[in-house]
Amino acid sequence: MSVKELDSSNQTRIFLEKTPLFANVPERALDIAQSVVQLRTYESGSIMFQEGDIGEALYIIKSGLIKLSKVDLGGYEKTLAILQAPEFFGEMALLGSELRSATAMTLSKVTAYLLFKDDFKKLIDSYASISLNLTTTLAKRLKGMDDEAQILSYKDAQGRVAFVLLRLFRSGVVNISEGGAALVKLTHQDIANLAGTSRETVTRALKVLEREAVISTRPKEIIIEDVQGLEEILHGIRT
Ligand code: CMP
């Protein structure tokens, strides 16, 4: 192996051991993972796979943002999650159904490590700590979905939009401006797809949140001004 190859392989290992999937796993498991993953680059706006495709690999995000979405029974797009490094996705079709449960689209230029099905299965068969990491992530996702189901069924439009903005803020899917403000660079339609409502409803709700001075808006950009205020609106402490 050349010095350059050795360096990039070391970087892969250093990255992998910091990911939720490979945190605290034995050295031997990391050796194997490092030798089998393949790094790929995707331009912004690319479809990595579509709902219903056969799943061949799991993806570990190295850089960039991914949107996972599906079309609901009414024909509307519902965004399930926006993920970033070092999260992983695409494990479900490798474990059971074989078919992708959602579509993955890049929201920026993305680099990701691909771990192919047979290698993934061998790793989870051989190393209980990888299975445990996988289960921990799936449990967190389930908890997130339970919370979301509650909020989206019972809250008004402002509450739903506040929930979505807080979730983006907490998961780090925001840009921090030079002045330290948290910027959500999504359109009203993107927020609507996350909140399970219409674009018009989101636009109205954002105006209310802006009047409450918890956010301010610019074209394609929402600035979170007051996280505590958003929490109060979510929990109905203020309307
Ligand atoms: P898979 O079904 O292979 O392809 C789509 C992927 O989206 C799926 O695996 C999961 O990794 C991921 N996914 C599905 N639902 C959610 C969710 N609610 N939150 C985060 N990721 C999800």
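In the predicted model, Arg 141 is partly exposed, with a relative accessible area of 29%. Its salt-bridge partner is Glu 91, and the closest N and O atoms of the two residues are 2.8 Å apart. The pair links distant parts of the chain: Glu 91 sits in the loop between β6 (88-89) and α3 (92-95), whereas Arg 141 belongs to helix α5 (residues 128-154), 50 residues apart. Glu 91 has a relative accessibility of 1% and therefore counts as buried, the cut-off for this class being under 20%.

Glu 148 is buried, at 12% relative accessible area, while Arg 167 is partly exposed, at 27%.

A further salt bridge joins Arg 170 to Glu 231, with 2.9 Å between the closest N and O atoms. Arg 170 is in helix α6 and Glu 231 in helix α9 (residues 227-234), so this pair ties together parts of the chain that are 61 residues apart in sequence. Arg 170 is exposed, with a relative accessible area of 54%; Glu 231, at 19% relative accessibility, counts as buried because the limit is under 20%.

Salt bridges also link Arg 13, Glu 27, Arg 28 and Asp 31 in a network. The count for the model comes to 14 salt bridges.

Key. Residues numbered from 1 in each chain as written. Predicted model: local features only at pLDDT ≥ 70, side-chain atom pairs only at ≥ 80, totals over all residues. Heavy atoms only, no water. Salt bridge = Lys/Arg side-chain N within 4 Å of Asp/Glu carboxyl O. Helix = DSSP H or I, 4+ residues; strand = E, 2+ residues; numbered from the N terminus. Buried < 20%, exposed > 50% of the residue type's maximum accessible area, 1.4 Å probe, protein only.
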